[in-house]
Structures are given as structure tokens and as C-alpha cells.
Amino acid sequence: MTKIQPVRGTRDFIGDFARCIEFIQNTAFSNARLFGFERIDTPIFESTGVFKRAVGDTSDIVGKEMYTFLDRGGEEITLRPEGTAPVVRALISNGLTQQLPLKYCYYGPMFRYERPQRGRYRQLHQFGVEYFGVDNPLADVEVLALAKQILDSFEISANLHLNTIGDIESRNSYRIALVEYFSKYRNDLSSDSQQRLDKNPMRILDSKDTNDQRIAADAPKISDYLTTFAQQFFEKVRNGLEVLNITYTLDPTLVRGLDYYTHTAFEFKTTELGAQDAIGGGGRYDGLVQHMGGPAIPAVGWGMGVDRIALLLENRNFKKPAPVAIIVIGDFFEQALTLAKFLREQKIICEIIYKTNPGKAFKEADKMNASLVVILGDDEIATNTVKIKNLSLPMDHPDKERSVNITDLIGILNAR
Ligand code: HAM
């Protein structure tokens with residue numbers, strides 16, 4: 001029989017790697033809390049329309065990458081490819097749009113049918129934040145400051161790429177200029193970009209095709225098409241970043257792959273992951289809540305690729321913490337259970353070893369890297385003591401093994 005394998009582009013998180021992912025989540029959530037973000041969890045699947053409407057029909061995500069299927073009731077369902085659309089849907093369906101401002105953060109799996117490689121998965125994991133109801137450009141600065149604070153706490157140095165894609169008016173005039181420019185090169189563009197030219201010409205700017213990139217290098221720049229309002233908005237974002245000493249690179253080709261952005265667009269990039277260089281990205285999306293059927297509500301947010309951050313933390317230590325092991329000599333497992341409960345109530349990590357052969361029991365304690373072994377036998381039970389054995393000390397060390405009163409045990413363990 002052939003061995004069953006995980007689906008291509010999916011992985012199991014086990015051992016040190018699972019602990020690394022947990023550490024990333026905990027760090028991200030605790031930093032987000034400092035900024036007033038509250039956790040939100042939305043379902044991992046939604047009606048397909050949620051993503052089609054929010055992310056846009058012309059995006060790669062909707063066009064090529066969604067896991068979409070009919071459920072048994074014949075409803076078209078999509079596994080979420082990203083987190084923003086579901087959070088906006090939740091805002092509207094829970095009637096939260098009257099309670100602004102609102103700040104939400106989330107962690108969870110997303111699904112994209114991309115070509116798997118290092119740093120690119122079909123089940124990926126994002127930590128994200130969404131800030132609703134504030135049109136002040138300094139809200140953009142604040143969410144960027146949060147991303148920076150999280151990356152700093154991982155000691156990851158990432159380059160912040162920043163752009164504005166303006167308001168609707170700026171984009172409309174920019175679009176006309178792009179269509180005029182790229183139409184001259186229509187036949188030289190990749191077939192994907194020929195389609196983009198008709199549907200969403202701005203996306204040609206972030207084409208991965210080298211020939212497209214060569215043509216795009218001389219394309220009109222958004223900065224020449226911004227309305228005064230859009231220009232001033234971007235100025236305020238840049239000033240705010242300066243106030244906080246957050247450095248960035250202006251990147252006029254950064255347009256992001258999702259259709260909902262307005263004004264600020266950004267990505268955090270690393271040089272350490274090859275082609276999968278974006279470890280996070282986001283921006284402002286002032287039109288999205290209304291576009292999805294809610295009132296006009298300004299918003300800004302970002303999503304971070306937790307799988308990619310984990311790759312950057314690969315060389316760190318995420319070993320399982322060493323437990324205290326309890327070994328019984330004789331049939332004292334019930335007493336061991338009581339002792340373990342007592343230790344755990346005192347926040348001491350401990351594990352009972354269910355081996356009756358002492359040799360095998362000590363081997364298992366070694367294998368679990370126990371910091372200390374607590375032994376329960378006839379004598380100990382009779383005298384209300386335990387024997388403690390320090391596996392890391394040499395055999396002839398005076399503290400290698402000693403008997404202690406149960407009442408002194410916690411003090412001794414905590415003093416280590
Ligand atoms: P996104 O740029 O599509 O934005 O994804 C955010 C991050 O998720 C990327 O920067 C990357 O680190 C990670 N990522 C994306 N695809 C993969 C993949 N196949 N494998 C591994 N990691 C991946 C969004 O999803 C927006 N919802 C962000 C946002 C929130 N904008 C506003 N609010």
C-alpha cells in the first residue's frame with residue numbers, strides 16, 4: 001500500500017517547529033494588545049462571493065488560486081485565501097459598524113493554490129490586523145509601527161517598501177495613462193499582462209515577467225497623477241513614520257495583488273528568503289466596507305506570513321522545556337499522580353514515567369531530557385519523602401542523589 005502523504009503545499013507543525021509557530025503567535029498577539037487590538041476569529045470558509053467582491057475578479061488570488069467547491073447543499077464555498085474580506089464580512093454581519101473605531105487582530109490558516117516552494121505554501125498562516133473607522137493617516141503609521149515592533153521583537157530586519165496608490169480619482173486618471181502607455185507594447189507583454197491591460201492595468205507594474213518589468217520600468221508613475229488630497233495624505237504618512245524613526249524605501253511599483261487598496265500600500269521585504277521575499281504586506285482600504293454592503297468606513301491593516309517568519313527564526317532554540325520526571329519503584333503510580341498534581345499546581349513542569357523497570361524508566365527520563373528525577377519507592381512513601389536525582393551531575397557528586405521531605409520539595413525545585 002502506498003504511504004499516505006500530506007497534500008502538496010501543506011505541512012504538519014510538530015515539535016520545535018510547532019513551538020516556534022506558537023512563539024510567533026504569542027509575540028504578535030501580545031504586541032497587538034499593547035495597541036488595543038482585540039482578537040477575532042472568523043470561519044476558515046466563506047461564501048465565494050465574499051472574496052470575489054473584496055479581493056477582485058482580476059486578482060491572481062480570485063482568478064487562479066482559490067480553493068472553491070460546492071458543498072453538499074449546493075452552495076459555493078471558498079477556503080479563505082486571506083483575512084481581510086472575512087473580517088469586513090464579520091463587521092457587517094455582526095452589526096459592528098456603528099461601534100467604531102474597532103481594532104481586530106487574527107491568526108489562522110489561509111489557502112492559496114500557488115506553486116509550492118520554500119516559503120510558499122498552499123496552506124499558509126497569517127497573523128493580521130485590521131483597524132476600522134479612522135481616516136487619519138497616522139492610523140496607517142500606527143499599524144506600521146505595530147508591524148515593526150513585532151518584527152523587531154523577533155530581531156528580524158526587514159525593509160519596509162512604501163507606496164501610495166492614491167484615492168479613486170487619482171487611480172482613474174493613472175489608469176488612463178497606464179492604458180495609453182502599455183497599449184503601445186501590447187504584443188510584447190506576457191499573455192497575463194495583456195489581460196491585465198484590459199482589466200486592471202496597474203497590476204502589470206508588479207508582474208514577475210522580466211520582459212513586462214522592462215516595459216514597466218518606463219511606465220507613468222502614480223506620483224504624477226495623485227490628487228492634492230492623496231498627495232497630502234501620503235505626506236502625512238511619511239511624516240508620521242519619520243516621527244517614529246521608521247525607515248522605508250519608496251517603491252512606486254508596489255501596487256499589491258489585491259484590488260481593495262487605496263492610498264497607502266506597503267510590504268515588508270527580507271533578503272533572506274529568495275523569491276518569497278515579502279514577510280508581510282497591507283495598506284489602507286477605505287472603500288472596501290461599503291463595497292461589501294456596509295456603510296462607508298475607512299480602514300487600514302496588514303497580514304504577516306507566519307510561515308516565512310518561522311523560516312527566518314529557523315536557527316533559534318525552540319526546544320521543549322526540560323521537565324521534572326517522576327519515577328516509581330513499585331506500584332505507586334497513584335501516589336505519583338497526586339505528587340504530579342501538587343507540582344503542577346506550583347507551575348512546575350513534570351511528567352510521570354509509566355515504566356515499571358527502573359532501568360527503562362531512567363532511560364526514558366534521559367530521553368525526555370529531564371532536569372531532575374523524583375523517585376517514589378517503599379521507603380519514601382513510608383516516610384513522606386522523595387528521592388531526587390540530578391541526571392546532569394557526575395555519579396560521585398555529593399548532590400547527585402538525596403532524600404528530601406515532600407514539604408521541602410517545592411522550595412528545592414524552585415531554587416534550581
Ligand atoms: P498578502 O500580501 O496577500 O496580503 O499576504 C500577506 C502575507 O502573507 C505576505 O506578505 C506573505 O508573507 C504571506 N503569504 C502570502 N501568500 C503566501 C504563501 N502562499 N505562502 C506563504 N506565505 C504567504 C493579504 O493577504 C492582505 N489580507 C493583507 C491585509 C490585511 N491588507 C489589509 N489588511
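This briefing walks through the ligand site, the nonpolar cores and a few single residues of the structure above. The model is predicted, so local features are used only at pLDDT of at least 70 and side-chain atom pairs only at pLDDT 80 or more, while totals for chains, interfaces and linings take in all residues. Residues are numbered from 1 along each chain as its sequence is written, and side-chain values use heavy atoms, with hydrogens and water left out.

**The ligand and its shell**

- The ligand has 25 residues around it, and Glu82, Glu114, Glu130, Tyr261 and Ala278 come nearest; a residue is near a molecule or strand if one of its heavy atoms lies within 4 Å of it.
- The side chain of tyrosine 261 has an N or O atom 2.6 Å from a nitrogen atom of the ligand.
- Tyrosine 260 places a polar side-chain atom 3.0 Å from a nitrogen atom of the ligand.
- Arginine 256 has a polar side-chain atom 2.9 Å from an oxygen atom of the ligand.
- On its own, the ligand exposes 660 Å², and the protein buries 96% of that; accessible areas come from the Shrake-Rupley method with a 1.4 Å probe, and for residues only the protein chains shown count as cover.
- Two or more residues of the shell come from each of strand S6 (123-132), strand S10 (278-284) and strand S11 (299-305), and S10 gives the most, with five residues.
- Helices (H or I, at least four residues) and strands (E, at least two) are DSSP runs, numbered from the N terminus.
- By type, the shell residues divide into nine nonpolar, nine polar and seven charged; Ala, Val, Leu, Ile, Met, Phe, Trp, Tyr, Cys and Pro count as nonpolar, Asp, Glu, Lys and Arg as charged, and the others, Gly among them, as polar.

**A closer look at arginine 256**

- Arginine 256 sits in the loop between strand S8 (249-250) and strand S9 (262-269).
- Its relative accessible area is 11%, so arginine 256 is buried; buried means under 20% relative accessible area, exposed over 50%, and partly exposed in between (1.4 Å probe, protein chains only).
- The side chains of arginine 256 and tyrosine 261 make a polar contact of 2.9 Å. A polar contact is a pair of N or O atoms within 3.5 Å; within protein, one must be able to donate a hydrogen and the other to accept it, and residues adjacent in sequence count only if both atoms are side-chain atoms.
- Leaving aside neighbours within four places in sequence, the residues in contact with arginine 256 include Arg203, Asp206, Gly281 and Gly282; contact means heavy atoms within 4.5 Å.

**Nonpolar cores**

- The largest nonpolar core has 48 residues, of which Phe37, Phe127 and Trp302 touch the most other members; such a core is a set of buried Ala, Val, Leu, Ile, Met, Phe, Trp, Tyr and Cys residues joined through side-chain atoms within 4.5 Å.
- Helix H5 (residues 137-153) gives the most to this core, with nine residues.
- A second, separate core holds 46 residues, including Val55, Leu178, Leu197 and Tyr261.
- In soluble globular proteins, nonpolar side chains tend to be buried together.

- Is serine 190 buried or exposed? Serine 190 counts as buried because its relative accessibility is 18%.
- Serine 190 lies in the loop between helix H6 (168-183) and helix H7 (191-199), and its side chain makes a polar contact of 2.6 Å with the side chain of aspartate 212.
- Arginine 416 belongs to the segment after helix H15 (406-414) and counts as exposed because its relative accessibility is 52%.
- The side chain of arginine 416 makes a polar contact of 2.8 Å with the side chain of serine 371 and reaches the backbone oxygen of leucine 413 at 2.9 Å.
- Arginine 416 and leucine 372 are 44 residues apart along the chain, and their C-alpha atoms are separated by 9.9 Å.

**Backbone details**

- Leucine 100 and proline 101 are joined by a cis peptide bond, with omega about -5 degrees; proline 101 is in the loop between helix H4 (84-93) and strand S5 (102-111).
- Glutamate 155 is not a glycine, yet has a positive phi of about 55 degrees; glutamate 155 is in the loop between H5 and strand S7 (159-164).
- Asparagine 384 also has a positive phi, near 60 degrees, and lies in the loop between helix H14 (378-383) and strand S15 (385-389).
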